[in-house]
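Subject: Structure handover

Hi,

Here is the structure I promised to pass on to you. Could you load it before reading further, so that you can follow along?

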Amino acid sequence: MLKSVIFEFEYCRDKIKLETGFLARQSTTSILASIKDTVILVTLVTNENNIQENPSFLPLNINYQEKFYSVGKIPGGFFRREGRHNDYEIIKSRLIDRSIRPLFDKFFFNNVQITINVISLDKRISTDIISIIAVSAALSISNIPFNGPLGVSKVSYSFINNKYIINPNIEELKNSMLDLVISGTENGITMIDSSSKEIKEEKIFEAINLGYKNLQIVIENINIFKEKVHKKITYNKYIINGNLNLSEDILKIINHYKYDIKKIYNIKNKVKRSKELNIIYNKIYFDLESKNIVFYKYLIVNEILNIEKEILINKLEKYNLRIDDRKPEEIRNIDIKIGFLPSNVHGSSIFTRGETQSLATVTLGTYKDAQNFDDVFLGEYTDRFIFHYNFPSFSVGEIGSNINSPKRREIGHGYLAKKSLIPVIPDINKFSYTIRIVSDILGSNGSSSMASVCSASLALMNAGVPIKSHVSGISMGLIKTNKKNYILSDIVGDEDKIGDMDFKIAGTIKGITSLQMDMKTNGINCNLVCLSLKKSIYGRLFILDKMNNVINKPNTKISPYAPRIYKIKIDKTKISRVIGKRGCVIKSLTENNNCSIDIEDNGLIKISSFSKKDAENVINSIKKITFSDIKEGYIYNVKITKITNFGIFVSFLEHKNKSSLVHISQIHLKKKNIFNIFKIGEYISVKVIEIDKNKKIKLTMKNL
C-alpha cells in the first residue's frame, strides 16, 4: 500500500492540506494541496545532467493549468480538450515565477520544471494562494538550493465595512477596493502584485504590513511539514564540482578591463553602451582562450555585473547621481504627442520617456468585437476592454524571430497595463463600445509597461472615450549597499539589471490602481517597500501633470470612422417580435440596413451603424414591430390615409390595424380648406384625448 505524508494547518479562516508520496512519485517532488473543494497537484522535475554548457540564467519553467474536468465541464472548440495556456493561466504562472525565482541560489542552473494542475475547483476560492503555497512546499522538501520556505497571503479592503480581509473568497473580492497578493520569506518580501480602485497609499502600506505578517504562518507550517517528510534526493546541489571562485589568472584579465568598463558607463545611449560592453566581454573571452584558461561564462558575467554595480554605487555615493547623471528622484525627459495618426485610427498617442517610447492606438468596436472566453473559473463571458502589448526586438536594437507571437512577458505586461486602466474605463451603459488598445514599444530602456499605461491613457482621451481621469505609471528601483539603500525613480534598463528591485506603480491623482514588485535578492523589509511607494508619489504626479498639460479631458466627439451606436428600449416581452421566427426579422433588419443589432434581456436594443439614416430606419422599424397599447394623453406620429369634409383619417405607424378620425373640430383650420392643408401620405402628430368603452379613439391636433 502506498504511503504518504499528510499535513494540515489552519490559515486564517481556512484549513490547508498538504500531501506528498502518493501521486506523481516519479517526479523529483510532488504535492497534492487542497483548500475546501479546490485540489491542486504540483509536480517538480529536475535532474543533474540537463545543464547548459555555459549557462547565464536559471532555466525555470512554470506551467499553471486549470483542467475543465475540475468543474465538471467539457471544453469547447473542435478538439474538446485543453489547448495552449490562456492569458489567465499565463498570468498565474508568472505570479508564481516572480515569487520564487529570487530564492534560488545564483549558481544553480539545473533545468527546473514546475507544473501546477488544478484538478478540482471550488469557484468560491481563488487559486493563486494555494498554488504558491504548494509550490513552496514542493521546493522546500527537495534538495534544490532554495532559500525558502516562501509564504504568501492575499489582502482585500472591503468598501462595505471598510475592513481588511486576509485571503478573501471570490464573493468578498467583488466588494473590494483592493486585491493584493504578497509573497515573502522570513527575511523579507519577494513579490507584490495588486489591482485597486484608486486607493490611497496609506491603505496599501497597511495591507502590505498585514499581508507580510500573516504569510509567516505559512512559512512556520511548511517548516513543520518539511521535518515530517525527511525526503532525500541524490543529486548535486551545484552544477560545478570544486571551487566556484574565480582564479587569480581570470581576475587579473577581468581587472585589466575594469577601467574600460568605467569609461563605457559614461556613454548615455543604452544601445551604444551595450555594444561597447559586449566588445569587452569578447575581449576577455578571447584573452582567456588564448592562454588556455578554463572558465565558465556565467562566472565572468557575474563578476562584471559586480563591477558595474560598484561603478553605479560609487557614482551615487560620491555625486548622488545615476548612470545618466540624474538624481535618484529625477524623472527622464518626457515628450508627448496625441492624434499622431490620421482619424481612421480612432485614437493615438506617442509617449516618450528617455529612450523608452510607446505608440498607443485605440480602436472602437461594437459588441460583436468583444472578446469571447470559455474559462474554467469564470465560465463563458465576453470582455469589452482589450489591451495588447507588443515588444518587437527592434525596440532594443536586436534581430528577433516569431515577431507575431506574443511571449509570456508581453502578455504579462499587457495585463498589468490593462488592470491599471480598468478603474477609469466608463461603464457599458455610459459608453457602449468595445475598446481595444494596442501599445507598440518602439524603443525600450526601462519601464515600457508603465510607458504603455501613460500612452494608452492619452490615446483614450484622444479617441473621445469618457475616462474619468488620466492614469500614469512609474517604475522604482533599489540599490542596496552596506552604507545606504538608494531608492531610484523611473529606472532605466541597466538599473533594473544591476539593481535589487523593480517596483512598478500606476495610478491616478486620487490613488493607486495597480502594483507589481519583483526582487532580484532574497527580499526586502516592509518599511523599505512602503518608503519606495511613498517616494513614487512625486514621480507619478509629475508625469500626470505633463499628460494633463497636453490633454486633460476626453474629446467630445469620436472619430468619424468609428461606428455609431444608437439605443432604443422596448418592452422585454416584445423581444421575440424583433427577432422573428428563426431570426428572420433581425436578419432582415441587419442585412437591409448594413448594421448590427444587439438585444439585451431587459429590452435594451443597441444598433451599431456607420450611417445615421440606416440606424433611424432600423429604429422606426423596431417601433412598428413592437407597438404597445395606445394610451390617453400620449402623442403619436400618424400617417394620413384619407381626407374628408368632416376630418382626416389617420393610421398609427407603431400599431398595426389601428386607425382613427381627427374630427375637423379638433384641427386648427382658420377657415382654410382642409384639402389645401393636408395631403394623403403625410405624417402628422396627434394626441389621444379619450378612448371609450368600445375602444374608439378620439384625437386632437390642438395645443400640440
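Let me begin with strand β10 (residues 189-199), which is mostly covered, with 9 of its 11 residues buried. Buried here means under 20% relative accessible area, exposed means over 50%, and partly exposed lies in between (1.4 Å probe, protein chains only). Strands (E, at least two residues) and helices (H or I, at least four) are DSSP runs, numbered from the N terminus.

Before I go on, a word on the source: this is a predicted model, in which local features need pLDDT of at least 70 and side-chain atom pairs count only at pLDDT 80 or more, while totals for chains, interfaces and linings use all residues. Residues are numbered from 1 along each chain as its sequence is written, and side-chain values use heavy atoms, with hydrogens and water left out.

Back to β10. Strand β9 (residues 176-184) pairs with β10 in the antiparallel sense over 7 bridges; two strands pair if DSSP finds at least two bridges between them. A hairpin of 4 residues leads from β9 to β10, and glycine 184 has isoleucine 189 as its bridge partner in β10. β10 is also joined to strand β21 (residues 512-519), by 6 bridges and again antiparallel. There, serine 194 stands opposite leucine 515 of β21. As background, side chains in a regular strand alternate between the two faces of the sheet.

A second hairpin is worth a look. Strands β18 (residues 472-480) and β19 pair in the antiparallel sense over 5 bridges, and 4 residues lie between them in the hairpin. Glycine 477 has leucine 488 as its bridge partner in β19. Strand β19 (residues 485-489) has 4 of its 5 residues buried, so the rest of the structure largely encloses it.

Now the overall picture. The protein chain has 16 helices and 29 strands, and its C-alpha atoms fill a box of roughly 120 × 65 × 45 Å along the principal axes. Of its 704 residues, 53% are buried. Among contacts (heavy atoms within 4.5 Å) between residues at least 6 apart in sequence, 68% join residues at least 24 apart. The accessible surface comes to about 34,600 Å², with 49% belonging to carbon and sulfur atoms; the areas come from the Shrake-Rupley method with a 1.4 Å probe, and for residues only the protein chains shown count as cover.

What about the interior? The largest nonpolar core has 123 residues, of which Ile31, Ile100, Ile114 and Ile435 touch the most other members. Such a core is a set of buried Ala, Val, Leu, Ile, Met, Phe, Trp, Tyr and Cys residues joined through side-chain atoms within 4.5 Å. Helix α4 (residues 201-229) supplies the largest share of this core, 11 residues. A second, separate core of 33 residues includes Ile261, Ile284, Leu312 and Tyr486. In soluble globular proteins, nonpolar side chains tend to be buried together. Is proline 563 buried or exposed? At 7% relative accessibility, proline 563 counts as buried. Proline 563 and serine 609 are 46 residues apart in sequence, yet 5.5 Å apart in space, C-alpha to C-alpha. Again leaving out residues up to four places away, proline 563 touches residues including His346, Tyr433, Ser609 and Phe610.

Finally, some backbone details to check in your viewer. A cis peptide bond, with omega of about 0°, joins glycine 148 and proline 149; proline 149 lies in the loop between α2 (127-140) and β7 (151-158). Lysine 36 is not a glycine but has a positive phi of about 55°. Lysine 36 lies in the loop between β3 (29-35) and β4 (38-46) and, at 45% relative accessibility, counts as partly exposed. Asparagine 162, in the loop between β7 and β8 (164-166), also has a positive phi of about 55°. For context, most residues other than glycine have a negative phi, and most peptide bonds are trans.

Best wishes
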